Amino acid sequence: MISPSTTTPVIVNTETAWQYVSTVNAWHDRSQGIGFAGGMDLKRVKNMLTGLQRLSGLPITRRKRIGCRPAHLAAGIATMNPAANALDANVAASFEVALVALARAGELALSSSKKLFTRARHPSRADVVFKYDKAGRPRTCTIWIVNSKARGSEAMRKLPVHLPMTGKHLSPGMALYYLTEVIDKIPLASRATTPLFRNPTTG
């Protein structure tokens, strides 16, 4: 298979190949009013992929995924020291936001291989917006992030994600407020050029 975002061949299993075909066929149907091959049933394509898998004599390899419940994450954060350590506060807040917002890691922080911060692609401190009550306490929290799976112009469009201030196990809004306004506060003029989550010692 060829990845849609690059010309470099990417090896995928037959199950994933069928998911690609189904997804693109559905898109073609919505876009053009008809699916692939004049709207013909693609069951034969699926059967061919199933036969190819059978001929290989190998089981389909699937990436192991382990779920994390809010209570489990809260217990892990409790072993850290976000109240006194700015790095721990960044890590704890990023994990809370990721779980509650169902956000991917690449939508919240730079990858280790891409050191260059890009304002249009990565969330900055300016992409966090709080609304306050009359007493000056934070009432709502919204972050603006991109969808890392989007393509074309949509790949650079930031979308709003509303986060609860408090919850039974996790309080991502309060974690962000504490991070950005208390323990790792930065000058207002630097917010747009500072990554949302960072190592305070290196930026």
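**Notes on the predicted model**

1. On the scale used here, buried means under 20% relative accessible area, exposed over 50%, and partly exposed in between, with a 1.4 Å probe and protein chains only. Ala 37 belongs to helix α2, residues 36–39, and has a positive phi of about 55° although it is not a glycine. Helices here are DSSP runs of H or I with at least four residues, strands are runs of E with at least two, and both are numbered from the N terminus.

2. A word on the ground rules. This is a predicted model, in which local features need pLDDT of at least 70 and side-chain atom pairs count only at pLDDT 80 or more, while totals for chains, interfaces and linings use all residues. Residues are numbered from 1 along each chain as its sequence is written, and side-chain values use heavy atoms, with hydrogens and water left out.

3. On to the overall fold. The chain has 7 helices and 3 strands, and read from the N terminus its elements follow the order α-α-α-α-α-α-β-β-β-α. The C-alpha trace spans about 65 × 35 × 35 Å along its principal axes. The radius of gyration is 22 Å, whereas a compact globule of 203 residues would have one near 17 Å; this radius is taken over C-alpha atoms, and the globule rule is 2.2 Å times the number of residues to the power 0.38. Of the 203 residues, 29% are buried. Counting contacts (heavy atoms within 4.5 Å) between residues at least 6 apart in sequence, 54% join residues at least 24 apart.

4. Please look at the pairing of α4 and α5. The axes of α4 (residues 70–78) and α5 (residues 86–101) come within 11 Å and cross at roughly 175°. The two helices are therefore roughly antiparallel to each other. For reference, angles under 35 degrees count as roughly parallel, over 145 as roughly antiparallel, 65 to 115 as roughly perpendicular and the rest as oblique; axes are lines fitted to C-alpha atoms, for helices over the stretch in contact, and angles run from 0 to 180 degrees between N-to-C directions. From α4, Pro 70, Leu 73 and Ile 77 make the contact, and from α5, Ala 92, Phe 95, Glu 96 and Leu 99. By class this contact has 6 nonpolar, no polar and 1 charged residues. The classes put Ala, Val, Leu, Ile, Met, Phe, Trp, Tyr, Cys and Pro as nonpolar, Asp, Glu, Lys and Arg as charged, and the others, Gly among them, as polar.

5. Two further places around α5 deserve a glance. Asp 88 sits in α5 and, leaving aside neighbours within four places in sequence, contacts Met 80, Asn 81 and Pro 82. Leu 102 lies in the loop between α5 and α6; Leu 102 has a positive phi of about 55° although it is not a glycine, and is exposed at 74% relative accessible area.

6. Thr 14 is in helix α1, residues 14–32, and is buried at 14% relative accessibility. Beyond neighbours within four places in sequence, Thr 14 contacts Leu 49, Leu 52, Gln 53 and Ile 60.

7. Ser 124, in the loop between α6 (105–108) and β1 (128–132), has a relative accessible area of 0%. Leaving aside neighbours within four places in sequence, its contacts include Phe 117, Lys 158, Arg 191 and Pro 195. Asp 184 follows in the segment after α7 (172–183) and is buried at 5% relative accessibility. Not counting residues up to four places away in sequence, Asp 184 touches Ala 86, Asn 90, Arg 125, Leu 179, Arg 198 and Pro 200.

8. Finally, how many disulfides are there? The count is 0, where a disulfide is a pair of cysteine sulfur atoms within 2.5 Å. The sulfur of Cys 68 is 20 Å from its closest cysteine sulfur, in Cys 141, which is too far for a bond. Cys 68 is partly exposed at 43% relative accessible area, while Cys 141 is buried at 2% relative accessibility.
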